[in-house]
Amino acid sequence: MTHIPRIGIGGPVGSGKSMLIERMVPMLAKEGYSVSIISNDVISKEDADRMRTNLATKKGLLPENLVIGIATGGCPHTAIREDPSMNLSVIEEMESKHSELDLIIIESGGDNVTTTFSPILADYFIYIIDVAGGDKYPRKGGLGIVSCDLLLINKIDLASMVGADLEIMQRDAKIIRNEKPFEFINCKTDEGIKKVTEHIIHDVLFDSVPKSAKSQMV
């Protein structure tokens with residue numbers, strides 16, 4: 001069975017995880033990449049239902065069966081770190097039935113700065129925070145902020161409204177991240193989202209030709 005590259009996306013409730021995915025998938029699709037989404041939540045599948053509607057029904061980008069919702073029924077950490085068996089079972093099925101996929105995106109349930117993904121679940125980890133939490137957020141650290149492969153600071157348009165200084169956030173992110181990449185983004189306007197997709201294409205997909213394009217070459 002072919003291993004399909006997997007990205008884990010974590011962050012607090014309301015930080016913009018689902019909207020980030022909704023903004024990234026069209027850009028990845030434009031480049032020819034085929035994507036599936038697994039959305040984890042504690043007690044509902046609301047985020048998965050919303051993405052399924054927005055990406056499948058309205059934009060026609062994903063078949064509905066490629067957006068999967070998992071109600072974990074417990075601490076969000078468990079399903080993506082301590083015991084990711086539910087997610088791995090879904091991924092195994094996706095890999096057996098949809099070999100055409102280039103990428104699987106796994107969204108964690110909303111949680112705090114301690115979120116991380118098990119390395120057996122995700123090959124690459126994106127952590128997203130938002131400016132509304134204040135410019136102290138990056139320097140507070142936490143496993144998610146420090147250890148993720150790519151840190152995203154969302155809702156930069158709110159900085160002036162909440163008294164957050166983006167220069168302070170940039171300075172602190174550089175220090176706490178120790179040279180690892182981070183980006184400022186605004187999911188509502190797509191600002192910075194192209195850079196995020198470029199990170200994914202280069203760091204996760206290794207600039208590979210989409211499988212759909214490969215099949216046309218044969």
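**Close-up views of a helix pair and a pocket**

**View 1. Helix 1 and helix 8 are roughly perpendicular to each other (a class for angles of 65 to 115 degrees).** In this predicted model, local features need pLDDT of at least 70 and side-chain atom pairs count only at pLDDT 80 or more, whereas totals for chains, interfaces and linings use all residues. Residues are numbered from 1 along each chain as its sequence is written, and side-chain values use heavy atoms, with hydrogens and water left out. The axes of helix 1 and helix 8 (residues 193-204) lie 10 Å apart at an angle of about 65 degrees, the axes being lines fitted to C-alpha atoms over the stretch in contact, with angles from 0 to 180 degrees between N-to-C directions.

**View 2. Residues in the contact of helix 1 with helix 8.** Helix 1 contributes Leu20, Arg23, Met24, Met27 and Leu28, and these meet Ile193, Lys194, Val196, Thr197, Ile200 and Ile201 of helix 8, where contact means heavy atoms within 4.5 Å. By class, eight of these residues are nonpolar, one is polar and two are charged.

**View 3. The largest pocket and its lining.** The space in the largest pocket is about 230 Å³; a pocket is an open set of points on a 1 Å grid over the protein atoms alone, where a 1.4 Å probe fits, with protein on both sides within 12 Å along at least five of seven lines. Its lining comprises 15 residues, each with an atom within 4 Å of a point, and Gly14, Lys17, Ser18, Asp47 and Glu107 lie nearest the centre. Helix 1 (17-30), strand 2 (35-41) and helix 2 (46-58) each give two or more residues to this lining, and the largest share, three residues, comes from helix 1.

Methods
Points joined across faces, edges and corners; volume = space filled by probe spheres on them. Helix = DSSP H or I, 4+ residues; strand = E, 2+ residues; numbered from the N terminus. Parallel < 35°, antiparallel > 145°, perpendicular 65-115°, else oblique. Nonpolar A, V, L, I, M, F, W, Y, C, P; charged D, E, K, R; others polar.
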